[in-house]
Amino acid sequence: MTQSNPPAVAHGKCPICGRPTDTKYRPFCSRRCADVDLARWLRGAYVIPDQEDGEEGEAEREGPNEPGSGSRH
Ligand SMILES: [Zn+2]
């Protein structure tokens, strides 16, 4: 077993821009990147499915004019 812990374990990479992270804004490098990630996350969380607000009910109404049923000659 060889434990090779990197000394700079606290320094990671910002997942947004790839720059070294700041301990203040881990795991991001800056507040801006943190906001970016948050925004992405929120957008993913608030994913809105196709909301078809169609009023179903009167879509299939039986019309009085049925083709082929009237005796109009
Ligand atoms: Zn960044």
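Donors are taken here as N, O and S atoms within 2.8 Å of the metal, and because water is not among the atoms, a site may look incomplete. In this predicted model, the zinc ion is coordinated at 2.3 Å by the SG atoms of Cys14, Cys17, Cys29 and Cys33. Along the chain, these donors follow the spacing C-x2-C-x11-C-x3-C. The angles that the four donor atoms subtend around the zinc ion run from 100 to 119°, which makes the arrangement tetrahedral. For four tetrahedral donors, the ideal angle at a metal is 109.5 degrees.

Cys14 has its place in the segment before α1.

| Residue | Relative accessibility | Class |
|---|---|---|
| Cys14 | 3% | buried |
| Cys17 | 38% | partly exposed |
| Trp41 | 57% | exposed |

Since buried means under 20% relative accessible area and exposed means over 50%, Cys14 counts as buried at 3%, whereas Cys17, at 38%, is partly exposed.

Trp41 lies in helix α1, which comprises residues 31–45, and its 57% relative accessibility places it in the exposed class. Together with Leu38, Leu42 and Tyr46, Trp41 forms a nonpolar patch on the surface, and these residues together have about 480 Å² of accessible area.

Key: Residues are numbered from 1 along each chain as its sequence is written. This is a predicted model: local features need pLDDT of at least 70, side-chain atom pairs count only at pLDDT 80 or more; totals for chains, interfaces and linings use all residues. Side-chain values use heavy atoms; hydrogens and water are left out. Donors are N, O and S atoms within 2.8 Å of the metal (3.2 Å for Na, K and Ca); water is not among the atoms, so sites may look incomplete. Four donors count as tetrahedral if all angles lie between 85 and 135 degrees; four count as square planar and six as octahedral if opposite donors are over 155 degrees apart and all others between 65 and 115; anything else is irregular. Buried means under 20% relative accessible area, exposed over 50%, partly exposed in between (1.4 Å probe, protein chains only). Patches are made of residues with over 30% relative accessible area and no salt bridge: like charges are joined within 9 Å, nonpolar side chains (Val, Leu, Ile, Met, Phe, Trp, Tyr) within 5 Å. Accessible areas come from the Shrake-Rupley method with a 1.4 Å probe; for residues, only the protein chains shown count as cover. A salt bridge is a side-chain nitrogen of Lys or Arg within 4 Å of a carboxyl oxygen of Asp or Glu. Helices (H or I, at least four residues) and strands (E, at least two) are DSSP runs, numbered from the N terminus.
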